[in-house]
Amino acid sequence: MKETDREAVATAVQRVAGMLQRPDQLEKVEQYRRREARKKASVEARLKAAIQSQLDGVRTGLSQLHTALSDVQDIQRSLADVSKDWRQSINTIESLRDVKDAVVRHSQLAAAVENLKNIFSVPEIVRETQDLIEQGELLQAHRKLMDLECSRDGLMYEQYRMDSGNARDMTLIHSYFGSTQGLSDELAKQLWVVLQRSLVTVRRDPTLLVSVVRIIEREEKIDRRILDRKKQTGFIPPGRPKNWKEKMFAILERTVTTRIEGTQADTRESDRMWLVRHLEIIRKCVLDDLIVTRNLMVQCFPPRYQIFRSLLNVYHQALSTRMQELASEDLEANEIVSLLTWVLNTYTSAEMMGNAELAPEVDVGVLEPLLSPNVVSELLDTYMSTLTSNIIAWLRKALETDKKDWVKETEPEADQDGYYQTTLPAIVFQMFEQNLQVAAQISEDLKTKVLVLCLQQMNSFLSRYKEEVQLYREEHLRKRQHPHCYVQYMIALINNCQTLKESIVSLKRKYLQHDTEEGVSLSQPSVDGLLDAIAEEGCSSLLEEIFLDLERMIAEAHRRVVQEYLRAVLQKRISFRSAEERKEGAERMGREAEQLRFLFCKLASGFGEEMDGHCDTIVAVAEVIKLTDPSLLYLEVSTLVSKYPDIRDDHIGALLAVRGDASRDMKQTIIETLEQGPAQASPDYVPIFRDIAVPSLNVAKLLK
């Protein structure tokens with residue numbers, strides 16, 4: 001206490017010191033004293049109240065302890081009395097065993113009496129139940145069926161309890177209720193029919209579907225109750241458990257499988273697009289069914305059934321099975337594309353499982369693939385193999401078609417800029433474009449593989465294309481008059497090379513990702529090199545054609561110049577009056593012939609060719625004009641005619657007229673003599689006088 005008092009005094013001193021720190025605070029000492037007195041009185045009052053409350057609680061607790069002690073003592077005395085009475089009644093309990101057996105028999109008889117009404121009314125209930133099933137009143141029919149089964153099961157259970165080894169009585173009861181199992185089976189058939197048509201029923205009469213589900217729920221509860229009793233008693237009625245819930249899901253699964261398989265309306269023989277139609281029908285049916293299930297059927301089933309999730313799994317498994325069956329068939333390339341596009345893209349797209357009406361219950365990210373990776377890989381390998389064969393055949397056919405155009409009598413078509421071209425580049429790259437578009441629908445990897453395949457086959461195709469262009473050139477050189485539009489088509493073939501090169505660049509830019517472009521480009525043969533080689537050979541062929549045409553032009557010019565020269569002579573553009581003039585004229589013709597020969601030989605030397613002797617014709621005519629002895633004129637003219645069989649009478653007459661010294665009789669004699677034995681031309685003779693026209697000089701005119 002002393003320590004406490006000292007602490008209290010110290011605290012008070014400190015508090016007073018805090019209050020009286022300034023001189024003006026001394027005036028408030030009395031005020032401070034009254035305030036502290038009030039606080040003290042308040043604290044003392046609270047302390048007294050707290051102590052009084054504690055004392056009251058202690059007093060109440062002591063009173064309750066005394067009461068509890070008294071109660072415990074009373075209970076001890078009562079337990080002692082009970083123990084004494086129990087020891088005295090053991091013998092009495094043993095003497096009541098007969099009473100217990102009598103109670104059991106009484107309960108059995110009471111159960112029999114209670115079921116007498118149902119037992120005698122079994123035939124009538126069976127008929128009513130059968131009528132209700134036929135009328136479609138399934139809930140009422142099931143209620144009566146439950147009554148029948150309850151009566152049968154109750155009697156059989158009581159018989160089992162009394163004498164489980166008495167098979168005769170059990171058989172008697174079972175045979176009396178024999179129609180019950182038939183009614184159960186008949187009702188089950190009706191339930192399964194409704195479930196098979198559940199997607200239609202839920203739209204037209206959802207209460208019927210609800211009734212079916214309620215019946216199945218009842219049977220499930222009965223099954224559970226009977227199985228629980230079996231664990232205790234070992235008894236189970238005939239036909240139990242029915243497991244109608246499991247059968248319900250089995251029916252739904254079989255219905256879905258049959259529905260999907262039944263969507264194939266056509267075969268490849270009847271319709272080339274059979275698979276596309278089949279897959280589209282499947283898509284529409286499955287999507288519609290799942291939407292109906294989500295919006296309507298879930299309202300007819302208990303939530304714990306998770307009917308939408310269950311049917312979603314059933315549809316997915318049925319689709320997977322059907323896709324496996326289709327994949328195992330001998331599909332064509334376009335059918336493989338249709339199947340893979342549907343499996344890999346359409347199935348998870350907004351057109352089917354990704355549809356907004358199925359969200360969020362359906363998450364396409366967690367759906368298992370319809371086809372295993374191995375099956376997809378096998379289909380892709382088959383597709384690539386078939387596509388390779390098809391591309392080879394298509395390219396071969398395109399080239400054969402293009403070759404037929406090369407020999408046409410009409411010029412090739414021109415593009416918008418006026419450049420000649422054939423349809424080959426457009427056909428080839430339209431085919432490539434179509435296959436790449438199809439591959440892009442399946443996957444990026446397949447698209448790249450198809451592009452690589454196209455480039456590889458393009459390389460092989462260009463090698464053959466080059467060979468065909470060479471053969472085309474060689475055939476033309478053997479017979480240069482054919483084809484008629486050789487130059488135009490050769491130009492078109494050269495232009496094709498540039499078009500093909502540009503198309504390849506366009507394909508790569510459009511269908512090849514940037515990160516794979518370099519690797520793919522390096523792995524391809526040099527297509528550009530082949531195209532350049534074909535174009536160079538085509539240009540060389542055109543140059544060769546130009547040079548050959550120049551050779552023909554020089555030879556033709558040579559012949560035409562000589563013809564014009566002779567025409568001028570024979571049409572009397574030159575006239576001689578004396579032997580001296582004839583000599584000078586003949587020598588001049590000889591010199592001019594040599595000049596012409598030199599000129600054309602010079603032109604022909606650039607092509608490595610030699611000119612034929614057209615200028616010799618001028619020399620031969622000059623010799624006839626130069627002849628001084630008229631008696632030898634016939635012999636000279638005969639020599640001229642033998643060398644140039646195409647010379648005619650009018651040519652001879654004109655030539656003799658140019659000399660100016662031949663009499664009319666001599667002219668007539670020479671002409672008539674030469675007409676009696678015309679010379680025969682050699683096969684390689686090139687006519688030169690045939691196209692020279694001179695004034696007609698007949699004998700009648702000459703004689704006048």
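Colleague: What makes F461 count as buried or exposed?

Modeller: This is a predicted model, so the values are computed from predicted coordinates. F461 has a relative accessible area of 5%. Buried means under 20%, so F461 is buried.

Colleague: And how do you know which class Y465 belongs to?

Modeller: The relative accessibility of Y465 is 0%. That is under the 20% limit, so Y465 counts as buried.

Colleague: Why is the pair of F461 and Y465 called stacked?

Modeller: The ring centres of F461 and Y465 are 5.8 Å apart, with 25° between the planes. Centres within 6.5 Å make a pair, and planes under 30 degrees apart count as stacked; the pair is therefore stacked. F461 and Y465 both lie in helix α16, 4 residues apart, about one turn of the helix. In general, an α-helix has 3.6 residues a turn, so residues three or four places apart point the same way.

Colleague: Which aromatic cluster do F461 and Y465 belong to?

Modeller: F461 and Y465 form one aromatic cluster with W406, Y472 and Y486. The structure holds 9 aromatic pairs.

Colleague: What makes the pair of F249 and Y305 tilted?

Modeller: The centres of F249 and Y305 are 6.2 Å apart and the planes make 45°. Stacked needs under 30 degrees and edge-to-face over 60, and the rest is tilted; the pair is therefore tilted. The partners are 56 residues apart: F249 is in helix α10, and Y305 is in the loop between α11 and α12.

Colleague: How do you know whether F249 and Y305 are buried or partly exposed?

Modeller: F249 has a relative accessible area of 22%.

Colleague: Which charged end sits over the ring of Y305?

Modeller: The charged end of K245 does, 4.3 Å from the ring centre. The limit for that distance is 6 Å. Likewise, the charged end of K242 sits over the ring of W244, 4.8 Å from its centre.

Colleague: Why is Q306 called exposed?

Modeller: Q306 has a relative accessibility of 53%. Exposed means over 50%, so Q306 counts as exposed. Q306 is in the loop between α11 and α12, and its phi is near 45°, a positive value in a residue other than glycine.

Colleague: What class does N243 fall into?

Modeller: N243 has 30% relative accessibility. That value is between the limits of 20% and 50%, so N243 counts as partly exposed. N243 is found in the loop between α9 and α10, with a positive phi near 55°. P241 lies in that loop as well, and the peptide bond from R240 to P241 is cis, with omega near -10°. As background, most residues other than glycine have a negative phi, and most peptide bonds are trans.

Colleague: What makes α4 and α7 roughly parallel?

Modeller: Helices α4 and α7 pack at an angle of about 10°, with their axes 10 Å apart. Angles under 35 degrees count as roughly parallel, so α4 and α7 are roughly parallel to each other. The contact is made by V126, T129, Q130 and I133 of α4 and S179, L183, E186, L187 and Q190 of α7.

Colleague: How do you know the relation of α15 to α17?

Modeller: The axes of α15 and α17 come within 10 Å and cross at roughly 10°. With the limit at 35 degrees, α15 is therefore roughly parallel to α17. Residues of α15 in this contact include F429, F432 and L436, and those of α17 include L500, I504 and L507.

Colleague: Why is E335 called buried?

Modeller: E335 has a relative accessible area of 2%. This is under 20%, so E335 is buried. A polar contact of 2.8 Å joins the side chains of E335 and W274, within the 3.5 Å cut-off. The side chain of E335 also reaches the backbone nitrogen of E332 at 2.9 Å.

Technical notes. Residues are numbered from 1 along each chain as its sequence is written. This is a predicted model: local features need pLDDT of at least 70, side-chain atom pairs count only at pLDDT 80 or more; totals for chains, interfaces and linings use all residues. Side-chain values use heavy atoms; hydrogens and water are left out. Buried means under 20% relative accessible area, exposed over 50%, partly exposed in between (1.4 Å probe, protein chains only). A polar contact is a pair of N or O atoms within 3.5 Å; within protein, one must be able to donate a hydrogen and the other to accept it, and residues adjacent in sequence count only if both atoms are side-chain atoms. Rings of Phe, Tyr and Trp (its six-membered ring) pair if their centres lie within 6.5 Å; planes under 30 degrees apart count as stacked, over 60 as edge-to-face and the rest as tilted. Helices (H or I, at least four residues) and strands (E, at least two) are DSSP runs, numbered from the N terminus. A charge sits over a ring if NZ of Lys or CZ of Arg is within 6 Å of the ring centre and within 35 degrees of the ring normal. Axes are lines fitted to C-alpha atoms, for helices over the stretch in contact, and angles run from 0 to 180 degrees between N-to-C directions. Angles under 35 degrees count as roughly parallel, over 145 as roughly antiparallel, 65 to 115 as roughly perpendicular and the rest as oblique. Contact means heavy atoms within 4.5 Å.
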